[in-house]
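Hi,

Here is the structure we talked about. Please open it first, then read the notes below.

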Amino acid sequence: MNKYQLFIDGQWVDSESGKTFTTPNPATGQPLAEVAEADKADVDKAVAAARRAYEGKWSKMSARDRGRLLYKLSQLIEQNASQLAEIETADNGKPIKESLYVDLPQVVENFEYFAGWSTKIEGETIPVPGRMFNYTLREPIGVCGQIIPWNFPLLMAAWKLAPALAAGNTIVLKPAEQTPVGAMELAKLIQEAGFPEGVVNIVPGYGETAGAALAAHPGIDKIAFTGSTEVGKLIAKTAANNLTKVSLELGGKAPNIVFADSDLDQAVAGAMMGIFYNQGQVCCAGSRLFVEESVKDQFLGQLSERAGRIAVGDPMNKATQMGPQVSAEQLDRIKGYVDIAREEGATVVAGGATPHLDGPFEKGYFFTPTIFADVKNDMRVAQEEIFGPVVSVITFKDEDDLLRQANDTIYGLSAGIWTRDITRAHRFAKEIKAGVVWINTFNVFNAASPFGGYKQSGYGREMGRHALELYTQVKSVWVDLSGRPIGWFGK
Ligand code: ADP
C-alpha cells in the first residue's frame with residue numbers, strides 16, 4: 001500500500017496531528033493508500049507558505065517563465081499518462097479506457113492551454129476625456145483555496161490549478177477524501193517541473209475539517225469549489241465572513257431532450273453517454289431524459305436493450321464500460337433513490353440492482369445501468385441529483401410543454417437536445433436556462449470552451465478565457481497628462 005504525506009512549501013510532511021486516513025479501491029473495497037490527514041493546523045501552514053511564495057519569488061517571475069513551467073508540467077503529465085491513468089482508475093473506479101483516453105489527455109490539454117495564456121493576460125487603455133490617461137492592470141488575486149470533488153480527481157485539479165497559476169496566483173488545493181492519490185502524484189510532477197516552493201500546496205483531508213478550515217481562512221483571497229450544491233452554499237456563507245471571493249461549480253439535473261425527428265440511433269447513444277459515462281457521477285449528466293411522446297416506446301425499448309448490454313466490471317479491463325461507484329456511501333444513496341422511485345410510482349425498466357461479480361470484485365461498489373420510466377418532472381428522482389447511473393425518462397407533447405418542464409429545476413448546468421430541425425435546436429439553446437448546451441451530442445469539453453452553471457448550479461466559468469476572470473482582478477490607473485494643478489479648489 002502506497003503512503004503519501006502532505007505537500008506543503010515544496011516539502012513532503014506528516015500532518016501536525018500525525019493522523020492518516022486510508023482510501024479504498026472502490027472496485028474491491030480493499031485499502032489502496034494511506035494518506036496524511038490535514039486539518040486546520042496544516043491548512044494554516046499551507047496558507048502561510050502560499051502567502052510567502054506569492055509575495056516572494058512567484059510574483060517576480062516573468063509571465064513567460066510561469067508559462068514555461070506550466071508547459072513543462074503538461075509534458076511531464078503526458079509522459080506519465082499511462083501510470084497516472086491507472087492510479088486514477090484504482091482510486092476512483094472509472095474504466096481505464098476513460099482515464100487513459102479522456103481524463104489524462106484533457107488534463108494535459110488544460111495545462112498546455114493555460115501555459116499559453118500566461119503571456120497574454122493584458123490590461124486595456126480606456127479613452128477617457130480631457131487631460132487624463134486611464135489604463136487597467138489585470139493582476140492575480142493572491143492566495144487561492146481550491147476544493148475539488150472525487151468524480152474527475154485529476155481533471156478537476158487541472159481545471160483549478162492551470163488558470164490560477166497562469167494568472168500568477170499561489171494555491172492551497174484540497175482533493176476529495178475519496179480520491180486523494182492522483183493529486184499527490186501530481187504534486188511529485190509539480191516538484192519535478194521546478195515550481196518554486198509554496199506556489200502549489202496540497203492538503204488531503206476531510207471536507208468538514210480541512211475543507212471548512214480552508215473556506216474560513218482569512219489568509220485566503222479566493223476560494224474555488226466544485227462539488228454539491230449543499231456544500232457550495234456552506235462555502236459561500238463561510239467565505240462571506242471575510243468577503244473572500246468565491247466561484248462555485250455545483251450540481252445539476254440536466255434535461256437531455258429527444259425529439260421524434262431526431263436520428264434515434266444517435267439519440268439513444270447520446271442518452272447513454274449522458275447518463276452512464278463515469279458511472280453517472282458527472283455534474284452535467286443528462287439525468288432527466290425527455291422523450292417526445294410519439295417515439296417513447298421505440299426509444300425506451302432500444303435504450304433498455306442497450307443499457308442491459310453495458311459491460312460492468314473490473315475497471316482495469318479495457319473492455320469495461322462501467323466500473324464501480326466511488327464509495328459505499330454513494331452506492332447506498334443510489335439504492336435509496338431506486339426505492340424512492342418505486343414509492344413515487346416510477347417503473348424500473350432496466351437495472352436497479354447490484355450486479356453479481358465474482359472474486360475480488362464481489363465487495364466492490366458496483367451498480368447496474370438503471371432506467372426509470374413513467375417519471376413526472378415533479379418527482380424527487382427528477383428533481384434531486386442522484387449522481388449515479390440512473391436516468392429518469394419523462395415524456396412531453398410539444399415544445400412549450402417541454403420547455404416548461406425542462407426549466408422547472410433549481411439547477412442549470414447543462415442541457416442536450418436531439419433533433420434534425422436546426423431552428424428548433426437554436427431556439428431551445430436560447431430558451432433553456434443552463435450554462436452549457438449540447439446539440440446532437442453530449443458531454444463534450446475543450447480547455448478553450450467555458451463551463452459553469454446558471455441558477456443553483458453555481459457561478460463563475462471555468463476553462464477558456466473566462467477562467468482567467470476568476471483568477472485575476474482589475475486595477476484602474478489614472479494619470480494626469482497636463483502637468484497643471486487640479487483647478488477645482490483654486491489656489
Ligand atoms: P459529494 O457530496 O459529491 O461527496 P461534496 O460537495 O461533499 O461532494 O464534496 C466535494 C468537496 O468538498 C470534497 O473535497 C469535500 O471534502 C469538500 N467538502 C465537503 N464538505 C465541506 C465543507 N463543509 N467545507 C468545505 N469543503 C467541504
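Start with Glu-177: one of its polar side-chain atoms lies 2.6 Å from an oxygen atom of the ligand. That is a polar contact, meaning a pair of N or O atoms within 3.5 Å. Ser-228 also uses its side chain, with an N or O atom 2.8 Å from a ligand oxygen. Gly-207 uses a backbone N or O atom instead, 3.3 Å from an oxygen atom of the ligand. Alone, the ligand exposes 550 Å², and the protein buries 83% of that (Shrake-Rupley areas, 1.4 Å probe).

Before you go on, two notes. This is a predicted model, where local features need pLDDT of at least 70 and side-chain atom pairs need 80 or more, while totals for chains, interfaces and linings use all residues. Residues are numbered from 1 along each chain as its sequence is written, and side-chain values use heavy atoms, without hydrogens or water.

Now the shell around the ligand.

Last, the salt bridges (a side-chain nitrogen of Lys or Arg within 4 Å of a carboxyl oxygen of Asp or Glu). The whole structure has 21. In one of them, Arg-52 pairs with Asp-9, with the closest N and O atoms 3.0 Å apart.

Best wishes

Methods
A polar contact is a pair of N or O atoms within 3.5 Å; within protein, one must be able to donate a hydrogen and the other to accept it, and residues adjacent in sequence count only if both atoms are side-chain atoms.
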